[in-house]
Every structure is written in structure tokens, then in C-alpha cells.
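The tour below moves from stop to stop and says what to select at each.

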Amino acid sequence: MNDNSFEGQNYMVNDLAAKAKQEFYPGQVTASHQEGTDFLFRCDNGVQLRLEVITDKVLRFRFATENGFAPDFSYAFPEGVPSRQELVFLEFREKEDHYRITTNRLICTIAKEGLKTRVLNRSGVVLMQDDKGFHWEYDYDSGNDIVKMSKQVQSGVCYYGLGDKPENMNLRGRRFTNWGTDTYGYVKGSDPLYKNIPFYLELQQRLAHGIFFDNSFKSHFDFAAERADVTSFWSQGGEMNYYFIYGPSLTEVTQEYTRLTCPPELPPLWALGYHQCKWSYYPESNVKAIAQGFRDRQIPCDALYLDIDYMDGYRCFTWSPTHFPEPKRMVQELAADGFKTIVIIDPGIKIDPNYSVYSEALANDYFCRRADGPLMKGSVWPGLCNFPDYTRPEVREWWAGLFKGLIQEDGVKGVWNDMNEPAVFEKGTFPDDVRFHYDGHPASHKKAHNIYGMQMARATAAGVKQFSYPNRPFSITRSSYAGGQRYSSAWTGDNIASWEHLWLANIQCQRLSISGFSFVGSDIGGFIDTPDAELYVRWIALGAFHPFFRTHSSGDHGDQEPWSFGEEAANLAKSFIELRYRLLPYMYTTFWQYVKQGTPMLRPLTFLDQNDTETYLRMAEFGLGDHLLVCPITQAGVDGRWMYLPRGDWFYYYTDEPKSGGAEVWATAGLDRIPLFVRAGAVLPFYPVQQYVGEKVIEEVTLHVYYKAGQESSVLYDDGGEGYGYLEGHQTTRRFTVLGTDKGLLLQQTIEGEYQPSFTRYRVVLHGLPFGPTAYSTDGQPSEAEEVTLETGLALPSIVVSAGFTELVIG
């Protein structure tokens, strides 16, 4: 062979390599087929699009290259596939250059050339339009297709969601990656973090929709960062498989997504109380001293946590014989004083033939293996470990059974899953070649990494539920995937004791909430480093309005109990924790709304009024439930802040000063306050302060009724806060309507459900009346009012009425 021919051959090889890197696109549609609510389009180059109409507002797009469609399965859904709704109207038409599918709410067009799609509402407003649309690139190293999608950016668009990204609320102009990572001491802009929730919301022309890119491989999102007129998402393998979810309100988009991926069950009421945690509380004498510290100071607390040092050499499901020689007795004694014990469990199982959990898993071949057969080994807290394959049903069942000792026998009330990204010291995570069962869809770590923590949380939740019955389970996880809210609460990971991290905690919890994951909180005070008294008090003030309310810290940075910062700080922390316990019926009702309707518990300002462009870029203010607006203080040395009130009428919680929304207001807030406003017309239910849930039989609920010129509705849900009776109808939903005029106020109650709560009466406290009331009547009978002084110092008229009243008239 001469030199010239050799050069020619070399050129050919390089040319083929270059071609292997090129992007490919769908060709010309040659066939279309409708089967029920599914539509299949085939192109001349083998590309296929399956469009599934899930509901009249939710469309699913699945693209396949020449390999065809894989079996349909996703951990995002309880049954592996999304549930459908019956459609009222569905029409399919073929046009000259496109196809058109119409539902009651949407019009979708699919171009015959290149399968480019466009979605409009029934008024003809374009909601989503492809730029390049679907395209892909072959990845020689893995054999996967790198699947890509790009969309046109509409004018004035804002992007929200994507889980706990530590970034500004509006994601426009940013790029992100989903690849669960143990990011110790992350900062604003760190990416990726622990959770993988490939769902975002888009707001443009005051209309909202969402995209759920259901792909568990490492995925990327570009929100008009590289090109201002294009947004895109892509993944290192798997299918281009995404859902278009129409609102038109932002809240409705989150509701549809949460219902699609399924909300959680109701937690036990105590799980919404205050929790105290540290790495680590040991030995037993220390735990008892912490418990005594709360009760002596009368600072309410429901849960104490034991971190990894409670174990025997960090072996999961064991107790340290020196630190906790009689764990069952200790847990019982704590329970007698109202404390629920929560323990940590990690995925790494110590390689130790004398350790029963290890030997059982080894004998049954439950551990993950490398491609050539060896067990996956990695170092975490116990040293060298093997790791269960939670994507196997029999492994999940085995894992769930391991909790019998901790929960049923020892009396532990909850489990905290950590290090489940999965994290491995010095390596980050597992190698790519680790193999997983993936519930009958064999996969490498490339596909399973992002769902590993979720499947561990799933197995844990099953075990805690099994052995807690007839009581409700409680669990918490660090890592998760879309739909993981079904199994666990969550926290935002290893944060830092800084004002920036207080600011981040606010944003991250809001973002998780609108991404379907409402049962969230942060490590109050920061996990790393030590806060000063002011930062701790400001943080616990914010945490009191997060669904998951826990202080957690690393022990080598000092103590972080509420009394660790001096008497003044302890009293201030106590007052915010007491406010949380008063608010429990409101918080529990808000959780019930999340479970029933998919509504986010924490609602960014934009969700409260997306028709007001002033809300689009603001992020400090958030709504909790239907009627509270909160705005934390995130700067040192200030005595208040400017904040934006959504349109409508509001009352400042501490003074009852009325404010009109649609404007910035100054909220005076020394260390004893957090800027907190109540919507006019709201009926806020308060419990008396308890040291822990269940300490007292609740005989009277206070209804704080806020005047409104006009009408407003509120709701109070109750089922006892424990057990599963509510599934058999043992619940009550009490709906209140306030109707105010310049001369009077009418409060009406309707009651649904047969459950009889412990309380038999309400104390109705009247706020903001613009008139001096002279007469009160309950269900046609005269009533007497008396003045009551609240914890805020306000002296207001109040009336005690039967909990079964129908109508209260004030005039």
C-alpha cells in the first residue's frame, strides 16, 4: 500500500468518526396512526413520535430513534406509567403539512417535516413551539443516544422550578444539571445538588405551563443561557420523553404535575412540630439532657434525632453498646416525655461477615455489582461497604423488613436517609459500570444514579409504615427524583451558618414546594459553622413557616440548641416555636390541601398573582397556604424590611395594621418578629401551645377572624392527626365564609364529615373591625363578647361559640 492510499484510508476513518459525532433529526412523516388517546407518527428515517393525551391539559411526547421504543416504565409514577383521565373531547385531523390534535383545552400541531411541535391554548395563543425540536447524537463511549430538545423562547418569559437549585427564583439565563451530588457546603450557584427533579414551569403572556422531562440519566437544562431566544433540555441517554402541562395558572401547573407524580399521604401531626438534631447526640446521658433542656425551659419539641454515632461502628440497624446500652428503655422514657426518636440510616452496609445485615444481603445477592460481576465496593462512614440494589423489589422488601427491630421493637418513630445520592468518599458516587435491576429494565449506574436515593427512601418508607401501623410513618431523605414526595419529607442538605444560606433556605424550600415536594425544610442555623444569636433567631423564625421544621448542626462547630445563644435568644426562639404550635391546625390543613389537590404549601409571590408583573422577579416573599404571607429578614442588624404585598387587603399580624396590596410596604420587625401578613377575610385556626403534639386534649380552638369588605373563604381540616381512620371517613372539613360590610360581619360554617374532634367550642377573635360592634348572635341566639389579650399584646373582642355553630352575626 503506498503512502497516498494510506492517507486516504486515514482520512476515511476520521470522516466516519466525525459523522458519528454529528446531530441527527427526524425525517419526513410517512405514516400516522391513532389508537384511543395515543397517536403514533413514523418518519422515513425510522424516527417515531408517540404523543399520548394524558388529560385535556397534559400531553406526553415520546421520541424513538432507529432502535424503537423501550418498554414504558418510570419511577416517577406509582404504577410505573402515568394514570390517564377520561377525555370529554378529542379530535385528530391531517392537514397539508401538519397534523392537528385538539382537546378541550389545547391544540397541538405536529409538522410532517421533522416532527416539530407547537402547542396552543384554545384561544390560539402559542404556549410552546419547537426551535430545532427533537434531535440526537450518538455517544460512542456509552452506546446511548444523547437526546436533545430545543424550544423557542417567547418574549418576557420567566422560568421557575427544577427542585432545590440554590439560585434566583427565576431561572432564565441560567444552565443546570441533574446528577445527585453530595455537595458539602454548597453556595449560591452550586450545581448540581442532592435532588433530581426535572420539572420546570414557564410563565409568558401571563399564561403558565410546565415541562416534565422524565429521564433519569444525567440531564441538562438551558434556560436561554447560551442563546437568548432558545431554551433546551437534553440527557446523556434514554428517551426524549417529556410532558407538556398546561395551567393556565402557575398553581394549576404544579397541581397537575403533583397529581401526575402523586402526592404523599398525610403525615402524623407531630411530624409538623419542632425537631432537634445534631451530628451527633450521644451518649444516652447527653440525649436525656437535651430532652430535659426543652422541657425545663418549656420550649416545645416533638422529635430528637440520632445521627450515625448511635450505631455500633456505623453499622446500620445496630446500636452502640457503649453509647446506648439499653435503647428500647431510653426510647420509651423519651416517649413518655413526648419525644419521638428519629434515627439515621445510610445505604452503605459495612463489609463484615459477623454483621447479620451484611451476611444476609451477601447470601441473597442483594448488593449492586460491577459490569464484570464483582460487588460494588466504596468507602463511607463504616469503611469499605457494599450497597443494596433498591431497584429490585425483593431487596426493597428485605430492606423494609429490617426496620422491625428499630420501629416495632425499640419504638423509634421515624427514619432519616442520608448519603443516598449515592455518595462515596473520595469518588463522589458509584462507577458508571455498576449494574441495576431497575424493576426488570436492566440498567447501568448512568441511568440509575438519579433514582437511587428515591428507591432507598421508598424501601425505607415501606418498612417504617409496616412497623408503625396503626400509626402513620415518618421519614426524611436527602436525595430524590420526581415523584419522591410520595415516600418522604426532605431537607436541603449540608448548608452553612451564613446570612446567604438563610436567604438560600427561603428560595430552595419555595422551589421544592412548587416542584411537587412540599414537605421540606433546611438545617436551621446552618449545618456547617456556628451562627450567632441573631442569625439563629432569624432562621428559626423562617423555619417556623416551613413544613419541615428542624434545627441540625455539625457537632464540631458548637452547640445549636435554642438555649445555646443566651437567654434572650432562647426566649425569642421559644416564641417562634410556640407560634408554630399555635399554627398547627392551619399547617395541617394546608398539608391536607397539598395531599388532596396537589397545591404547593409554600407559594412564591408569582403564584399569588401572576397577572402582576411586579411579582415576577421577587423571591423573598412567599405564601404559606391560602392566607399567610411571610418575608424573612435575611440581613444582620436591621429592624424591618421593605417587601411587596400582592394585590388585595392584608393585616400585619403583630399590630392588625391594615395594608393594601399591589405595592411595597415597610414591615417593622425587630428580632421578636418576622414580617407576617394575614389576608383580609381569613379565618385562622389556632391551637393552644403544647410542649408536644398530644400533650393536651384540645378542647377549644381559637378562630382569628380578619375583617374584609366583601367575601372570603377558609377551611379547617381535622382527623385527629394520627392513624388511618381518615381513609374510612373519620375526618371533618369545616368551611368558613366571612362576609363583611361597613356595618357588620357575618361568619358562616358548614361541616362535612362524621369525625368528632376533641374540641367542642371555638373562641372567635375579631380583627380589624371598622365599626364598634354592639350586638352578637349565634344561630339566632344573643351572644356575649369579652375582650381578650393576645400574645402579640393586642386586646380584641372575642366570642365563645359551639364548634357546631352555623352562623355568627356581628353588628
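At what angle do helix α10 (residues 533-543) and helix α11 (residues 567-582) pack, and how far apart are their axes? Select both: the angle is about 5° and the axes lie 9 Å apart. That makes α10 roughly parallel to α11.

Some ground rules come first. The model is predicted, so local features need pLDDT of at least 70 and side-chain atom pairs count only at pLDDT 80 or more, while totals for chains, interfaces and linings use all residues. Residues are numbered from 1 along each chain as its sequence is written, and side-chain values use heavy atoms, with hydrogens and water left out.

The terms in this first stop are these. Helices (H or I, at least four residues) and strands (E, at least two) are DSSP runs, numbered from the N terminus. Axes are lines fitted to C-alpha atoms, for helices over the stretch in contact, and angles run from 0 to 180 degrees between N-to-C directions. Angles under 35 degrees count as roughly parallel, over 145 as roughly antiparallel, 65 to 115 as roughly perpendicular and the rest as oblique.

**Stop 1**

Show side chains for A533, Y536, V537, I540, A541 and G543 in α10. They meet A569, L572, A573, F576, I577 and R580 in α11, where contact means heavy atoms within 4.5 Å. By class, this contact has ten nonpolar, one polar and one charged residues. Here Ala, Val, Leu, Ile, Met, Phe, Trp, Tyr, Cys and Pro count as nonpolar, Asp, Glu, Lys and Arg as charged, and the others, Gly among them, as polar.

Select R580, Y581 and R582 in α11 to see them meet L584, P585 and M587 in α12. That contact has four nonpolar, no polar and two charged residues.

**Stop 2: helix α4**

Which residues of helix α4 (residues 327-336) are buried? They are P327, M330, V331 and L334; buried means under 20% relative accessible area, exposed over 50%, and partly exposed in between (1.4 Å probe, protein chains only). Look down the axis of α4: its buried residues fall within an arc of 95°, so they line one face of the helix. The arc is that of the directions from the helix axis to the C-beta atoms.

Next, display α3 (284-297), β20 (303-306) and β21 (340-345), against which the buried residues of α4 pack. After α4 comes G338, which has a positive phi, near 90°.

**Stop 3: R392 and helix α6**

Select R392, in the loop between β24 (383-386) and α6 (393-401). R392 counts as buried, at 14% relative accessibility. Leaving out residues up to four places away in sequence, R392 touches N364, D365, Y366 and H437.

Move on to α6, whose buried residues are V395, R396, W398, W399 and A400. Their cover includes β21, β22 (349-350), α5 (356-363), α7 (404-409) and α8 (445-468).

**Stop 4: backbone exceptions**

Most residues other than glycine have a negative phi, and most peptide bonds are trans. The next selections depart from that pattern.

- D191 and P192 are joined by a cis peptide bond, with omega about 0°. P192 lies in the loop between β13 (175-178) and β14 (199-204).
- Y282 and P283 are joined by a cis peptide bond, with omega about -5°. Look for P283 in the loop between β19 (274-276) and α3.
- F317 is not a glycine, but its phi is positive, about 70°. F317 sits in the loop between β20 and α4 and counts as buried at 15% relative accessibility.
- D656 is not a glycine either, and has a positive phi of about 65°. D656 is in the loop between β37 (649-652) and β38 (658-660) and is buried, with a relative accessible area of 9%.

**Stop 5: strand β8**

Finish at A111 in strand β8 (residues 106-111). Is A111 buried or partly exposed? A111 is partly exposed, with a relative accessible area of 22%. Not counting residues up to four places away in sequence, A111 touches V29, D97, H98 and K116.
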